[in-house]
Structure formats: structure tokens, C-alpha cells
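Please look over the sequence and the structure shown below before reading the short report that follows.

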Amino acid sequence: MLLRPEVPEDGEMHPRSSSQRRTPGHAAFVAAGMFGVIHAGFSLFWAVGGTWLLWSLGSGLLQTFEGREWILFPVGVVKLVAAVTPLALFLRGWPAHRLTRAACWVGASVLILWGGLNTVVGNLVLSGLIQPSAGYDRPGMIGHAWMWDPLFLGWGVALVIGLLASGRRDRAVPQPGQLQSVRDL
């Protein structure tokens, strides 16, 4: 059986057809993007003076940024770009395939390590298994252990799932215009 790409009604060939977008990889990239957009949204919200959930950052972090909340604006923009870029790359058929996928793998690794370690350590502190000698800010620890760091972890895990699923799909079904050689595998 010959595999042929779908041709939309407008006759234009697009890197990904709508049926190709309805894959576990697509859903995972959407989930990763949602986790990242939530993170970015709060950074941007706080950058412009919002106060909702500020308690969840901890008093030490709040003191560090007091009067310098503007710093959260570029942080939020970087998070937003990092959140939507993998989905955009997936939908475009992974331009600069090796470079863009490698960058996504690095990002996913950082998110999982940062979010995973901080989630585990934060919960160990909250459970009393780790007792910081200088004490800790309980509301801030709850915010990080139960909200912000698990959100980083979920973002990274969803990104890995998308990368794994799209990697298998990319190898299994060649996309129009892709080179077909041993190097592409």
C-alpha cells in the first residue's frame, strides 16, 4: 500500500495534515504548552503588579524581587516562547530537525530535573524528613512543592512524551520533502 499525504481543499501541501496532528505527540505538545503558558502567564501577571498567589512564592523570593518586579517580564516572555515553540515546530514538521529536537530535549531535561528535584525536596521538607537548619517559609514551600515545581515537572514530562511520540511517527511515516537517507533516521 502506498502512503500518500493528504492534500487539503486549497491544493497546498502543508507540513502536517490535520489527521497527523491528532496524535499522542500532538496532544502531549499541547499539554506541555499549556503548562508552560500557565507558568509564563503568572510571571507576566506578577510583572505588571498582580498579587494573586504571590504568597506561594515564599517571602524570601518576594523580598528578592521587591521593587524589581519588572524582571519577571523577560522571564515570562522566555517561558512563553519556550512553551509554544515545541508545538509550533511539531506542526511545521520540525524544521532544522536535529537542532530543534535537540533543543527541545535539553529544555525537557532541565524542566524535569528542576521541577522533579524541587518537588521531591519540597515535599520531604513539608513531611519533616528534611529539616532545614534555618527553618523555612511554609506557605512558600507549599507553593513550590505542590504547584510551581510540579508544573515544571509536568511541562517537561509532557514535552518528553511529545518528543518520543513524534520521533517514532517521523521515522515511521516520511513527510513530504524530507530527505530519505540513513542520516535522517
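## A nonpolar patch

Val37, Leu80 and Val84 together make a nonpolar surface patch of about 200 Å², where a patch joins nonpolar side chains (Val, Leu, Ile, Met, Phe, Trp, Tyr) within 5 Å, taken from residues with over 30% relative accessible area and no salt bridge, and areas come from the Shrake-Rupley method with a 1.4 Å probe. Valine 84 belongs to helix H4, a helix being a DSSP run (H or I) of at least four residues, numbered from the N terminus. Because its relative accessibility is 41%, valine 84 counts as partly exposed, between buried (under 20%) and exposed (over 50%).

## Basis of the model

This is a predicted model, in which local features need pLDDT of at least 70 and side-chain atom pairs count only at pLDDT 80 or more, while totals for chains, interfaces and linings use all residues. Residues are numbered from 1 along each chain as its sequence is written, and side-chain values use heavy atoms, leaving out hydrogens and water.

## Lysine 79

Lysine 79 also lies in helix H4, which covers residues 72-91. Lysine 79 is buried yet has no salt bridge, and the nearest side chain of opposite charge, aspartate 149, is 9.0 Å away; a salt bridge needs a Lys or Arg side-chain nitrogen within 4 Å of a carboxyl oxygen of Asp or Glu. Leaving aside residues up to four places away in sequence, lysine 79 touches Gly36, His39, Ala40, Ser43, Phe152 and Trp155, with contact meaning heavy atoms within 4.5 Å.

## Helix H2

The buried residues of H2 include Gly36, His39, Ala40 and Ser43.

Notes: Helices (H or I, at least four residues) and strands (E, at least two) are DSSP runs, numbered from the N terminus. Buried means under 20% relative accessible area, exposed over 50%, partly exposed in between (1.4 Å probe, protein chains only). Lys and Arg count as positive and Asp and Glu as negative; His and the chain ends are not counted. Patches are made of residues with over 30% relative accessible area and no salt bridge: like charges are joined within 9 Å, nonpolar side chains (Val, Leu, Ile, Met, Phe, Trp, Tyr) within 5 Å.
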